[in-house]
Amino acid sequence: MIRWLLLLLGGVLLGGIVHLATIIVLPRTATQDAFSRLTPVAAVNLVVTLPEPTPETAVMPMMDPAFATSICRYDLSNGPMKLTAPVSPAYTSVSFYTDRNIAYYAINDRSAGRHAIELDLMTAEQHAEMPEDENITAADLLIVESPTRTGLIAIRALAPEPGQMAMAQQAVDAAQCKRTEIPKASD
Amino acid sequence: MRLLLGTLFALLVAAAVGLGGTYLALSRGAAFGALRIGSWTAWPKTGTQDADPYAQASIARSGRLPVALGDGVTFLAKNDDDGRRLDGRCDVAVSGVTPAARFWTLTVYNLDGELVANSLHRYDFTSQEIVRRGDGSFTIMVGPRANPGNWLPTGGIDRYMLVLRFYDTAVGVATKEGREIPMPSIKTRSCR
């Protein structure tokens, strides 16, 4: 009897380890996560506008149907990126995700405070290579460090009423992400 | 023989406990740092780099991109205020006021996170679309039949969830559970 109880206890303990291991391994092996779903739809380092979310056309689950969305699937291996997103009349946000779909940064039109959201995206190493030149830091105010080499930028614009969806789609469609060089010291 | 049987038994228990636990945790959306207000639950940390392993696993399995915390916060409800699960064949009233935010949206999804098809092509309400009472409070009727006022159709599906998202809001990781932030109530009125 005691022998079986001990085996049961051992099994439960081992089960706990199995549980933790599967939880930790799952994000690495998932094939239906957002990044994998968007990979065939979105070319690298280009802004691609997603279809308006409806029951038939939504690319991912849990998309907010009041928002127009475009995606830039970035790869920083060859250098940093520059993102420009015009601000729509209602509400515009730009969110950054790692290749495991973890949101590491987001900014909205109010915090950007201009007519367009403009920022530079680079890895920590690329940031470290940048010369400490005041002209460059003054020209490019906003630098975002990506914890991973690849990831997603989601540009979202709200259509407060269904009639404004076309305008929101245009706004996110006009966003651009482009490769840039690491600026050299000016002298 | 006894050793073999014993080992097999322990391994079976391990598999059942381990995989069962993972399945349960993921289907219930378990993650740390849940913020519960009334029937609504949010996991503000899920939209940050500090998302715990449970949140990361749930994000990967569902295939969604979580709303980043600098963008907004997502509240989810699967039950009404009396603990009854939301039924698409019933009229459910979502009424009250919301915490301060620049915009909010209320959306109906099935339990897989897909939008619910309906002939009106109405899947959500934004804070700008709804008709409010004089004091700023509102009622949105969620149900299968047309309702005067703010009507969000359920298409008569069995079970669904309500998702309330606040954009550009102070509600977040630092928000404490309790009465300090007002959330709309969810009441089932009548069923077909």
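Predicted model: local features only at pLDDT ≥ 70, side-chain atom pairs only at ≥ 80, totals over all residues.
I begin with the confidence scores. The model has an ipTM of 0.88 and a pTM of 0.90. For chain B, the mean pLDDT is 90, with 98% of its residues at 70 or more.

Next, the layout of chain B. Its domain assignment lists domain 1, residues 1–30, and domain 2, residues 32–191. Taken over C-alpha atoms, the centres of domain 1 of chain B and domain 2 of chain B are 35 Å apart.

I turn now to the interface. Here, 49 residues of chain A are in contact with 53 residues of chain B. On the chain B side, the elements that give two or more residues are helix H1 (2–27), helix H2 (53–62), and the strands S5 (101–109), S6 (124–126) and S9 (161–169). H1(B) supplies the largest share of that side, with 14 residues.

Two packed helices are described by the angle between their axes and the distance between the axes. Helix H1 of chain A, residues 2–29, packs with H2(B) at an angle of about 40°, and their axes lie 8 Å apart. H1(A) is therefore oblique to H2(B). The crossing of these two helices, H1(A) and H2(B), is left-handed.

Which residues of H1(A) and H2(B) meet? From H1(A) come Ile23(A), Ile24(A), Leu26(A) and Pro27(A), and from H2(B) come Pro53(B), Tyr54(B), Gln56(B), Ala57(B), Ala60(B) and Arg61(B). Eight residues of this contact are nonpolar, one is polar and one is charged. Thank you for your attention.

How values were computed. Residues numbered from 1 in each chain as written. Chains lettered and ligands numbered in written order. Contact = placed C-beta atoms within 7 Å. Helix = DSSP H or I, 4+ residues; strand = E, 2+ residues; numbered from the N terminus. Domains from an automatic or database assignment. pLDDT = per-residue confidence, 0-100. Axes fitted to C-alpha atoms, helices over the stretch in contact; angles between N-to-C directions. Parallel < 35°, antiparallel > 145°, perpendicular 65-115°, else oblique. Left-handed = near helix turned anticlockwise from the far one by under 90°. Nonpolar A, V, L, I, M, F, W, Y, C, P; charged D, E, K, R; others polar.
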